[in-house]
Amino acid sequence: MLRAAGVGLGDEVVVPAFGNVEVAEAVAMAGALPVFADIDPATYCLDAAAVEAALTSRTAAVVVVHRFGRLADLARLHALGQRHGLLVLEQGESEAPYDEIAQRRERAAYLDAKLRGVRTPDDGDGHTYQQYVVRVPGNGRPDRDAFARAVRARGVECRVPVKTPVHRLPEFRRCVSLPETERASDETLALPVDASLTKRDMHRIVSACNALGGLLQPAF
């Protein structure tokens, strides 16, 4: 899509650093330079104000990546693109059947109501919960990685959704201030929310997490 739009050598393309490296790689393969902008801490998608701050005279496009079942603020980002004459491309996530999404939302609502000591996701408009991502604040106490190890030891599968933001990888290393990206990379943890989970499974997730919640400072 970038090549078809004429984006190439000498151009810059604004992309998120919180996520997979493939987006930055695609920009580089088109001959352009990926420029990283910070994310909205609620959606984990590009923040429009951060994108605008990253623009230069060489910026040709913005690649918006929808994350974890939440949509980016497309209205603001498309308005930004129109104002600056930029191409705005979207990378979405695979669509799940409606009944599966409904079941995920039901399980997410259960976790929202029951979990303690972690910050639950901002449900937002149309959240499909491709992943149920909580934040585990450190605050000088057991951090996200220690929390994840302890939860796994209690038989609950969980995963760190973004282990290393792209701007920290050797091939794309940049000296850039992305505080929300850094914070999200350090704090986020994806808990199971699959449609196949039973009530017993959900209870196990809550029990495992809440057994550790007292070790953490409350998240506000």
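User: What is the relative accessible area of tyrosine 44?

Analyst: The model is predicted, with local features requiring pLDDT of at least 70, side-chain atom pairs pLDDT 80 or more, and totals for chains, interfaces and linings using all residues. Residues are numbered from 1 along each chain as its sequence is written, and side-chain values use heavy atoms, without hydrogens and water. Tyrosine 44 counts as buried (under 20% relative accessible area, with exposed over 50% and partly exposed in between; 1.4 Å probe, protein chains only), its value being 8%.

User: Which residue forms a stacked aromatic pair with tyrosine 44?

Analyst: Four aromatic pairs are counted (ring centres of Phe, Tyr and the six-membered ring of Trp within 6.5 Å; planes under 30 degrees apart are stacked, over 60 edge-to-face, the rest tilted). In the stacked pair with tyrosine 44, the centres are 5.6 Å apart and the planes make 25°; the partner is phenylalanine 18.

User: How many residues apart in sequence are the parts that this pair ties together?

Analyst: Phenylalanine 18 lies in the loop between β1 (12-16) and α1 (22-29), and tyrosine 44 in the loop between β2 (33-37) and α2 (48-54). Helices (H or I, at least four residues) and strands (E, at least two) are DSSP runs, numbered from the N terminus. The pair therefore ties together parts whose separation in residues is 26.

User: Within what arc do the buried residues of α5 fall?

Analyst: In α5 (residues 144-153), Arg144, Phe147, Ala148, Ala150 and Val151 are buried. They line one face of the helix, because their arc seen down its axis (directions from the axis to the C-beta atoms) is 165°.
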